[in-house]
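Hello,

Here is the structure we talked about handing over. Please open it first, then read the notes below it.

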Amino acid sequence: MIYRELGSTGLKAGVIGMGAEHLEGKPFGLIEEVISAANRKGVNMMDLFMPGMEVRRDIGRALRGMRGQFMIQGSIGSVEENGQYSISRDLDACRRYFEDLLPALETDHIDFGMFFFMDTQDALDQVMKNGIADYAWKLKQDGVIRHVGATSHNPLIARRMVEMGLIETLMFSVNPAFDMSPSDATIDMLFSENPGLRTANMDSARMSLYLLCEQKGVGITCMKTLCAGKLLSKEHTPFTSPLSVGQCIHYALSRPAVASVMLGYQSAGEIEEACRYLAMEESEKDYGAVLKAGGNLIDGACVYCSHCQPCPAGIDIASVHRYLDIARLDKAHVPPSVRQHYASLKAGGRACVSCGSCEDRCPIHVQVIQNMAEAAEIFGS
Ligand code: SF4
Ligand code: SF4
């Protein structure tokens, strides 16, 4: 497993994580098999939003002896109504379902308490007004949760939560189809079959959210990485050809601030398949050409695909662009962590010898040489 820092939490998350939703309704034996396989592969992040007691207890039982090896995202606001899962902004209901999670998982703490499904201003207003935000931060103060986070599909609301300092981590829907959808699209619109939904370019609100999270030290875990399988399907992909699982994972992991991709698994084999990403050649992970063929990429704005490698000067061109884009948000106040990350690169922009080979290979005509010079000026190397 490869581990990444999760924002400023001081925690390291495996890049391949686990969303537990597909374990709902499954026999205990299968749940145990999937969790054991995840543990063997070094998966250490699990999202568990389901409010049902049976699946919670089964997961708790399967985690016996392994609880310390998993960091769990538990939802605040995911509840059951008439036997089905629903969303509540009522403090008592949030409290009841969250606190039920602890005995079910046979644990005394949850690593991340996540405000659930924060997609609208109304949801945010209710979390603030109804005492749910205060409740979560009190849980943190008491050591019941270690960090406060939120799940969201809406970049504008997610941004507000980051700017308010309300959250330390964010679980966000990240895939190239969503990244090319309008920022105010609802989750239903995002999953609609309407190809007219897509805008011509990467949505700047999503890109700027990722950059802001990196700047503010808010780590991102990803959901909907495969767009419910649509990106893998020739019939349903919005692009001219499907992407592979590895390319989808790589796309999400290439966004700034992203630490882990929380895929859902229904068998140990599916975990093996996801973890195959860890051994892939760069060429297998490269998604740049597929996105460009879809005609949706804005010329000149780096999408961190690494299609331009190799560089004779040993520069990781995508990473330099990632840190440069964050620095451009506020050149006078580049976060020390970003400077540190840049300094730890094998070679910075100053090493560029202007050979131009990367610009020939870049599918979207990024002015790499010019950008390398700008990075060298900002970061001093
Ligand atoms: S132009 Fe600069 S960054 Fe691009 S491949 Fe050549 S040396 Fe590397
Ligand atoms: S410069 Fe072009 S090819 Fe290289 S990472 Fe950026 S978008 Fe991809």
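**Two domains**

The centres of domain 1 and domain 2, taken over C-alpha atoms, are 29 Å apart. Please keep in mind that this is a predicted model. The domain assignment places domain 1 at 3-293 and domain 2 at 317-379. The two are in contact: nine residues of domain 1 meet 10 residues of domain 2. On the domain 1 side, helix 9 (204-216) and helix 13 (288-293) each supply at least two of the touching residues. That side has three nonpolar, four polar and two charged residues.

**Ligand 1**

Around ligand 1 there are 15 residues. The closest are C311, A313, C352, C355 and C358. Helix 16 (357-361) and helix 17 (368-379) are the elements that give two or more residues to this shell. Helix 17 has the largest share, with three residues. By class, the shell divides into 12 nonpolar, three polar and no charged residues.

**Ligand 2**

Ligand 2 also has 15 residues around it. Nearest are C302, C305, H307, C308 and C362. Helix 14 gives the most to this shell, namely three residues. The shell has 11 nonpolar, four polar and no charged residues.

**Helix 14**

Helix 14 covers residues 317-329, which is 13 residues. From first C-alpha to last, helix 14 reaches 19 Å, close to the 18 Å expected at 1.5 Å a residue. Its buried residues are I317, V320, H321, R322, Y323, L324, D325, I326 and A327. What covers them includes helix 9, helix 15 (336-343), helix 16 and helix 17.

Is strand 5 (residues 71-76) enclosed or open? Six of its six residues are buried, so strand 5 is largely enclosed by the rest of the structure. M71, Q73 and S75 point one way, while I72, G74 and I76 point the other way. Both sets are buried. Strand 4 (residues 45-48) pairs with strand 5 in the parallel sense, over four bridges. Within that pairing, D47 stands opposite Q73.

**I145**

I145 sits in strand 9 (residues 145-152). Why does I145 count as buried? The cut-off is 20 or more other C-beta atoms within 10 Å, and I145 has 25, so I145 is buried. Leaving aside neighbours within four places in sequence, I145 is in contact with H109, I110, F112, G113, A136, L139 and K140. P238 is another matter: 93 residues along the chain from I145, with 39 Å between the two C-alpha atoms.

**Backbone points to check**

- Q309 and P310 are joined by a cis peptide bond, with omega about 5°. P310 lies in the loop between helix 13 and helix 14.
- K224 is not a glycine, yet has a positive phi of about 55°. K224 lies in the loop between strand 11 (219-223) and helix 10 (245-253). K224 counts as buried because 24 C-beta neighbours are inside 10 Å.
- A257 also has a positive phi in a residue other than glycine, near 75°. A257 is in the loop between helix 10 and strand 12 (258-264). A257 counts as buried because 27 C-beta neighbours are inside 10 Å.

Best wishes

Technical notes:
Residues are numbered from 1 along each chain as its sequence is written. Chains are lettered from A and ligands numbered from 1 in the order in which they are written. This is a predicted model: local features need pLDDT of at least 70, side-chain atom pairs count only at pLDDT 80 or more; totals for chains, interfaces and linings use all residues. Domain bounds come from an automatic or database domain assignment. Two residues are in contact if their C-beta atoms, placed from the backbone, lie within 7 Å. Ala, Val, Leu, Ile, Met, Phe, Trp, Tyr, Cys and Pro count as nonpolar, Asp, Glu, Lys and Arg as charged, and the others, Gly among them, as polar. A residue is near a molecule or strand if its C-beta atom, placed from the backbone, lies within 6 Å of it. The expected span of a helix is 1.5 Å times one less than its number of residues. A residue is buried if 20 or more other C-beta atoms lie within 10 Å of its own, exposed if 12 or fewer, and partly exposed in between; C-beta atoms are placed from the backbone. Two strands pair if DSSP finds at least two bridges between them.
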